[in-house]
Amino acid sequence: MFFHFIDTMKVKVLSRNPDDFVRETKLDIQRVPRNYDPTLHPFELSREYTRALNATKLERVFAKPFVASLDGHRDGVNCMAKHTKSLSTLLSGSCDGQVKVWNLTKHECVRTLQAHESFVRGMVVRYCGTSFFTVGEDKTIKQWKMEAPGYGEEEEPLKTILGKTVFTGVDHHWKDGVFATCGQQVDIWDEQRSSPIRSFTWGVDSFSSVRFNPVQTELLGSCASDRSIVLYDMREAAPLKKVIMTMRTNTLSWNPMEAYYFTCANEDYNLYTYDMRFLDRPIVVHTDHVSAVLDVDYSPTGQEFVSASFDKTIRIFRKDGSNSREVYHTKRMQHVICVKWSSDSKYILSGSDEMNIRLWKASASEKLGVLVPRERQAVNYNQKLKEKFQHFPQIRRIARHRHLPKLIYRQTKELNIMKEARRRKERNVRKHSKPGSVPPVSEKDKPVVAVVQ
Amino acid sequence: MANRSKKKAKKERKKSAASKSNVIFDDEDDRDLKEGDENIISEEEEEGDGDERKRQKLLEAISALGGKRKKKFGERSEAAVQMSEFTVNAQGNDDKIDLSDLLGTMEKTPAVSTKTKKQLKNLQQGKMTIESPISKQASERIQRNLAFQKAAADVSRWSGIIRQNRKAEQLIFPLNQEPSGPKTMEKIVTGWKAQTPLEQEVFALLSANNQPINDPILTPAEEASLKAMSLAEAKIRRAELQKARALQSYYEAKARRERKIKSKKYHKVHNKNKGKEFLKQFEEMVKTNPAGALEELNKMELARMQERMSLKHQNSGKWAKSKAIMAKYDEGARKAMQQQLELNKELTHKLTTSLHKDEEEEKDAAEEEVMPSFVNDAEQVLDPSNPWMRGKLSEDLAHDENVVVNVPSVVAAAPENTAEEEDEIVETEEETLLREFNSRRKLRQGENPDTGLVMSVDDKEEDHEAAADASELEEQELSEFTNILKGLAHNQCDADAEASAGNCDTQLDKPHDDLELLDQETVTDEAPVQPHSAPSTNNPQPSTEKEGKKRKRKRGIEITKVLTKETNPIQVPLIPTVQETEDTDEKMDQRCLIKEAFAGDDVVSDFLRDKKKQEEEGKPKVVDLLLPGWGEWGGIGLKPSRHKRKRFRIKTAPPPPRKDQHLPTVIISEKRNRSMSSHQVNCLPSPFENHLQFESTMRSPLGRTWNTERTIKKLTKPKVVTRLGAIIEPMAQEELMKDQKAESESSVASGKKRRKNNAK
């Protein structure tokens, strides 16, 4: 009877397949069973919002962009050059004619040489990284070896070219042994010759900078003192086109990933990004500086660029953003004259009036060094969260908040008031004149005076 | 002063506008001129030694003082790199040099041949001049323009890549990285040499058997097989195969899906289509294969019979019931009902051959016919207030009037039925029997809300729920007998108690009829479309009786039971609008028109319903915070303990009274939360076009709490990836080559396809 009962009774036992929870080897990752049923994990939006808020706050907490200051120059730093092959090498030229070569990892000066009598106006490293060119106010172009001279050897240039006029800038072709200088005219030089193979003039003006296009390597752009930007093709006998703006352009920088875009730093506190095919209107106007913009350099990824200004700040802009995403300043940094974005796109270098070169992180809160995978995932996730919730007012407020020196803060406000007043006046003029006689002019159209063919 | 400056500003603006509108050409000419002048002056200064020159200069200066200032070009004295073209002039008498001046000496020189002399003379006589060459400035401008166009075209080649990179989900820098995956065999093999004796032996064997060692990795046979089909061809072939496979799977999936579709409507439509096709085929078959067609015909007949026998279209199914309820509100449902009824009529219609038969059969048929007509009635009085819903308005009217007039004499189950049997004034016994059946059936079906009577419920009750309708109907039906009793008592008729209890006599029907009449009247009261309220008031039926019935009705139906909701005090303003129907004819006509136009929608009641809904939402609710599996076992079929349920079911506190509590015509939304609004997005961000887009991006969570590992990896992929310590070179020309190659390949593939299509 009893046995019969046992026969029919079903005994339920907890049984699990060990394959579901036992690792094959000790090195395997622990299996974490998860149930993605959304009912078990409610409030996803609010939870992620909190996470995004925290991520944004933490980003601000960890935003410490300043890495190092390189001191040693005895006069203001006037120009800098990135080494084309070595990330840790930087060259800088100062207003007293000295050139210094820096080791960025050690934060020390490796080599000092008296290159010119007065200002070092321009400097560029040859594409192969074995030598570099400097131009100075003493009307010379000098080519130097990258390696320091051996013991007992004298510091001597490889080659010196005596020019007739002062040179204000130099840039090297990205692939050939050709370089360009600017002064009273733009000259194209063959490295093997002592006279220019081509020189471009267009009216009477002096040029402040010349840059080769890194993608379409035969193209050049230069900024002239008659408020114009002139484009050249190295192969042609004549310049291509000229755009005259309301104020002078100090430098320009080509986008290294997008062949026909360049950004120029203007005296009117703004930067303008142009499409070289359509010069009659800039594509983006980048505002935010409160004084003349002196230098601009693109990130090697072509997504962002950095600008140095007379207002003692550095600003980072997205290539299509009209306002800066970041502003760097320190108490001791004076007018920033030159700026470079390192070729691994992680650092920014700025040379300023008070003889120092500063090393900054390109993204202020990024952790330096190698990230373990979990860290990387967390960073990526937080980044996406910030992106997703960027339009929420609280998050936007925190993300946008930057501390500014009082002077700049006040000036920004003042400029805004002025801008508003101007706009109001324009509006009033339009209101009180015959309809259609005063058409509204876009902000993008205002800086361009004329395009000259 | 200020005025002037303003004017100036205006002028300048105009100028600038003009200059912007058209491209400026350079004005180098005068600049060069100036340059030339400066040059001359400097040169002249340099050469100060010659006394004669000095004198000349002085003279010139003096002469210039007296006369008009004329631009004088200096003499070229020294070789200079830069020399203006404007300085060159014809020195001497300031006369134009003629050709004859030059040719004068030629006559004298004997060395010149006579032939050339002749030619020169001819030339002298000829007046043709050569076109002057284009100016330097213009030619340079042209040159620049051409160069610019060339450069622009050159640079535009990159636009494809740039666009592509802008759209790319992820950009990895440096661009030209070596792929980290497995390398090709060739690469590995070329940098490797046989070292061990075994390897050497193997290689010796290979070389002896004419097998390739490093460079061509493939054997000749393999290579031949590879060459048999080019890569592009293979790709096309594979794409075709893939497409075929995909299509097949789509069809399979589609068939599976269709089989699983529960929608009856879908299947109905599907079957209809099938039927149509079948009919077409059948017609063809009649021509080609009459025997087969006959067989098919038989089959069809059989199917029809079967359907007729079944209760499919008898309006007793679940669907029909639900449709009957919905018919009031939903036009689609009404239509569906109608269709169903038509189908039923069609199916139950006796074939003409069977009409002339025995009387017995006829009787059966009559009974059968009672049913459909009864059902059809329902459809006719779907919405009594809406004339468009009635199939035959005028006819109905006539019938109704007839009924009203004939009330004392005619005894009918329903006014519609009487309409059908209008001509039969004298009733036969059979008919009374039939009616008896009818009424019984009604009694039976009274429980079902979908019978025809539901439709005749008056307009007043339309606002209430269907359930309420049904219950009232029930009441109505049940109170029939009590009505009869009451009516008897009131009228002091000669009806007996037996008649009222057992036999459904004329007496029994009379009060029933009255009831219907009452219904009719209420209907007419509210539906101005039927302007025959006058006859109803002329009705000889005593009003006291009506009142009595009403009273009875009230007693029979308890309002609190029927109307679960409290009556709405706000409905008061509605009443005048209803009462206004008793205005003059003109107004009524207009009203009719408006009502006809807005037959479907009732704005006021919609508003009230909305408000009520919002009020309901604001009421305190029980929040169940219970999470399964916390502290005890969870799973399917397991219920958390009572204690827990009690603990985690939280009743929220009632909110403060609504602001629109005493405002009947206003809804004040109280959803906005001040403390929350600072966290909410208050305007649409720029890249989005409408709020739905934005909300959709917000909806999907990113975290690993909600997503699987792979999804997370995909979702949180960073836009730009850079490697630590790697120099990122600018974009190289090779990228362009790659892009062009890919493009050309794709174009070749498409071209081949096109060719193939053409061949087809």
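This is a predicted model: local features need pLDDT of at least 70, side-chain atom pairs count only at pLDDT 80 or more; totals for chains, interfaces and linings use all residues.
Me: OK, and how far apart are N and O in the pair B:Glu729 and A:Lys85?
Reply: The N to O distance is 3.9 Å, and the two side chains meet in a salt bridge, since the cut-off is 4 Å.

Me: Where do those two residues sit?
Reply: B:Glu729 belongs to the loop between β4 (720-722) and α34 (733-759) of chain B, while A:Lys85 belongs to the loop between β2 (77-82) and β3 (89-94) of chain A, so the pair joins two chains. B:Glu729 is partly exposed, at a relative accessible area of 33%.

Me: How many salt bridges are there between chain A and chain B?
Reply: The count between the two chains is four, and one that links a residue of each chain is A:Glu258 with B:Arg166, whose closest N and O atoms are 2.9 Å apart. Over all chains, the rule gives 39 salt bridges.

Me: What about the rest of that interface, how much area is buried?
Reply: Chain A and chain B bury about 6000 Å² between them, with 62% of it on carbon and sulfur atoms, and the contacts involve 67 residues of chain A and 62 residues of chain B. The rule also finds 19 residue pairs in polar contact across the interface, both residues being at pLDDT 80 or more.

Me: Which elements of chain A give two or more residues to that side?
Reply: They are α2 (44-61), α3 (373-388), α4 (393-400) and β29 (448-452) of chain A. The residues on the side of chain A that touches chain B divide into 32 nonpolar, 15 polar and 20 charged.

Me: Switching topic: A:Arg126 and A:Glu191, buried or exposed?
Reply: Both are buried: A:Arg126 has a relative accessible area of 16%, and A:Glu191 has one of 5%. They form a salt bridge whose closest N and O atoms are 2.7 Å apart.

Me: What does the pair of A:Arg126 and A:Glu191 tie together?
Reply: A:Arg126 lies in the loop between β6 (120-125) and β7 (131-136) and A:Glu191 in the loop between β12 (186-190) and β13 (198-200), so the pair ties together parts of chain A that are 65 residues apart in sequence.

Me: Last one, which residues are linked in a network of salt bridges?
Reply: A:Glu218, A:Asp233, A:Arg235, B:Asp154 and B:Arg157 are linked in such a network. Within it, B:Arg157 and B:Asp154 form a salt bridge with closest N and O atoms 3.6 Å apart; B:Arg157 is partly exposed at 34% relative accessibility, as is B:Asp154 at 21%.

Key: Residues are numbered from 1 along each chain as its sequence is written. Chains are lettered from A and ligands numbered from 1 in the order in which they are written. Side-chain values use heavy atoms; hydrogens and water are left out. Contact means heavy atoms within 4.5 Å. Buried area is the accessible area (1.4 Å probe) that two parts lose on being put together, summed over both. A polar contact is a pair of N or O atoms within 3.5 Å; within protein, one must be able to donate a hydrogen and the other to accept it, and residues adjacent in sequence count only if both atoms are side-chain atoms. Helices (H or I, at least four residues) and strands (E, at least two) are DSSP runs, numbered from the N terminus. Ala, Val, Leu, Ile, Met, Phe, Trp, Tyr, Cys and Pro count as nonpolar, Asp, Glu, Lys and Arg as charged, and the others, Gly among them, as polar. Buried means under 20% relative accessible area, exposed over 50%, partly exposed in between (1.4 Å probe, protein chains only).
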